[in-house]
Amino acid sequence: MERPLTKDIRQGNPPLNLEEYEQAGGYQALRKALRHMDPSEVTEEVKKSNLRGRGGAGFPTGQKWSFVPMGEKALHPKYLVANADEMEPGTFKDRLLLEGNPHQMIEGMILSAYAIQADVAYIFLRWAYKRAASLLTQAIHDAYQAGYLGKHILDSDYSLEMHLHVSAGRYMCGEETGLLNALEGKRATPRAKPPFPQTSGLWGKDTIVNNVETLSNVPHIINRGGQWFKDLSYTDDGGSKIYGASGKVKNPGAWELPMGTTLREILEEHAGGMREGLKFRGLLPGGASTDFLVEEHLDAKMDFSSLQQYGSRLGTGTIIVLDDQTCPVGMVLNMERFFAQESCGWCTPCREGLPWTAKILAAIENGHGKMEYLELLERHSKLLGPGHTFCALAPGAVEPLQSALKYFREDFERHIKEQRCPWS
Amino acid sequence: MLSEEEIREIEAEFPHYPTREAVSVEAMKIVQRHRGWVSDESIHELAEFLEMTPEELDSVATFYNLIYRKPVGRHVILVCDSISCWIMGYESMRARLTERLGIEMGQTSDDNRFTLLPIPCLGTCDHAPAMMVDEDLYRDLKPDDLEEILAGYE
């Protein structure tokens with residue numbers, strides 16, 4: 001099985017420097033594209049690969065790029081942004097790629113920028129990733145020195161500037177349009193869509209925002225072809241995927257596996273199953289903003305379309321595991337407090353509804369719950385769901401809540417009947 | 001007054017963006033790096049320098065949790081309180097820290113040595129629980145590890 005994204009990552013060692021990256025075949029895809037491919041051919045190859053956005057939403061990457069106006073009538077500057085604001089609780093896959101092979105993402109960014117003919121590229125990095133910041137600063141510097149960035153890249157007509165932007169916190173910065181506001185030096189509140197960033201993004205100009213893992217795949221697609229990439233997957237969604245697991249499993253970590261690997265394989269073979277003496281109760285398949293899945297779903301394939309059948313989402317593909325000695329109500333309370341805190345306050349349902357939800361959960365967890373609170377929580381999960389709020393933060397926030405009410409109902413009821421947390 | 005060094009560092013960012021306003025977060029981080037926090041006076045001076053109103057800049061400052069609008073201690077401890085760390089026992093870590101330092105989350109110790117703050121997911125969930133002290137990341141923590149870690153920050 002091929003692992004294009006992680007084959008050159010040496011755990012516990014510094015990442016490949018420019019020379020080593022070149023020796024491993026790095027920047028060959030960029031040479032190939034600049035010398036032999038039109039921008040539209042790069043986009044076509046990515047479309048063929050069926051690469052879908054790895055930030056969580058799963059939008060087809062090539063299709064996203066194809067919305068950017070091209071040709072002589074297109075207005076410049078255009079922008080490409082790498083979303084390296086990994087802040088979804090339970091997610092640590094982009095850190096692996098940023099610290100493990102920064103040139104891979106930078107090459108992917110240059111190729112993607114070439115495909116849309118962007119003039120300027122930004123890496124929007126979260127503050128906490130100190131090691132990634134210093135590695136990226138060095139890698140950008142070295143890429144400029146080698147002629148992979150700047151004017152007339154590899155003596156072609158194409159030029160690109162690249163800058164690192166290190167943020168100062170807040171989950172909202174990971175939301176595509178919140179990120180754009182943050183880059184402009186504003187509060188990271190979301191923007192109305194349409195217009196979409198592809199035609200009205202940074203400073204009103206055509207802009208593409210792609211996730212770190214998405215971009216890191218692009219050099220391999222250009223080197224080996226879209227069909228090769230598509231065939232890496234067990235399902236229709238192309239490529240390999242970096243899956244991860246945290247919680248009380250024997251071997252928490254991250255692994256690059258074919259897209260569509262089953263939850264059971266990830267949990268039992270790679271994460272090593274539950275720790276001694278603990279039983280599996282459920283999991284969030286792709287970060288805090290995805291619906292719980294339980295035992296009966298373990299044979300589900302981890303890809304974008306398969307998990308939808310079970311009422312959940314692939315999200316970031318990094319699993320958070322709930323064991324039988326951890327309180328499910330406490331777990332949901334922790335996540336709703338996070339979402340309430342991180343609501344940007346822009347729209348009323350999210351600003352008011354999420355703290356209210358967290359307060360109700362706290363009352364139940366602390367032994368002051370009433371049975372009618374469960375109905376109140378259910379109503380909140382609907383009223384904060386899709387279509388009621390300005391952006392996807394609140395709908396994401398209610399995913400673990402609504403599914404916990406479904407799968408762990410008895411545990412909620414026990415808290416209320418016994419007026420205490422049975423786990424404390 | 002903004003120091004010459006601060007001005008030089010902020011000006012070095014201008015060529016990366018088409019507007020001065022876009023540098024606002026970075027500029028506040030620069031001031032914070034030199035002074036520990038961002039005072040009302042700094043907000044006024046920076047706003048003028050960035051061609052923004054002080055209110056506009058303060059609205060940005062108060063949005064981002066890692067821009068400190070109050071003084072902090074010599075070292076800032078950021079304890080991850082998100083879900084994976086919660087499952088793996090962050091609460092016992094927090095209890096040990098507040099007990100050892102004699103302060104609650106959000107407070108600064110009397111000797112001004114440490115400020116204790118919660119932080120959302122640090123992205124190292126396979127090594128939970130985790131925390132950062134200043135720029136240093138600590139992972140796979142146990143309450144008994146804390147004494148030795150804190151000793152490294154005077």
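Helix α3 (residues 39-49) of chain A and helix α6 (residues 102-116) of chain A have axes that come within 7 Å and cross at roughly 115°, where axes are lines fitted to C-alpha atoms, for helices over the stretch in contact, and angles run from 0 to 180 degrees between N-to-C directions. The crossing of α3(A) and α6(A) is left-handed, a term that applies if the near helix is turned anticlockwise from the far one by less than a right angle, right-handed being the clockwise case. The contact is made by P39(A), V42(A) and T43(A) on the α3(A) side and by L111(A), Y114(A) and A115(A) on the α6(A) side, two residues being in contact if their C-beta atoms, placed from the backbone, lie within 7 Å.

This is a predicted model, in which local features need pLDDT of at least 70 and side-chain atom pairs count only at pLDDT 80 or more, while totals for chains, interfaces and linings use all residues. Residues are numbered from 1 along each chain as its sequence is written, and chains are lettered from A and ligands numbered from 1 in the order in which they are written.

Chain A has 17 helices and eight strands, which are DSSP runs numbered from the N terminus (helices: H or I, at least four residues; strands: E, at least two). Its C-alpha atoms fill a box of roughly 75 × 45 × 35 Å along the principal axes. Of the 424 residues in chain A, 57% are buried, that is, have 20 or more other C-beta atoms within 10 Å of their own C-beta, placed from the backbone (exposed: 12 or fewer; partly exposed: in between).

One buried residue is L293(A), with 21 other C-beta atoms within 10 Å, and its place is in the loop between β7 (280-284) and α12 (304-309) of chain A. The C-alpha atoms of L293(A) and L283(A) are separated by 5.4 Å, although the two residues are ten apart along the chain.

Between the chains, 30 residues of chain B are in contact with 39 residues of chain A. On the side of chain B that touches chain A, two or more residues each come from α2 (24-35), α4 (54-61) and α5 (83-87) of chain B, and α5(B) gives the most, with four residues. The two contacts are set out by class below, with Ala, Val, Leu, Ile, Met, Phe, Trp, Tyr, Cys and Pro as nonpolar, Asp, Glu, Lys and Arg as charged, and the others, Gly among them, as polar.

| Contact | Nonpolar | Polar | Charged |
|---|---|---|---|
| Side of chain B that touches chain A | 18 nonpolar residues | eight polar residues | four charged residues |
| α3(A) with α6(A) | five nonpolar residues | one polar residue | no charged residues |
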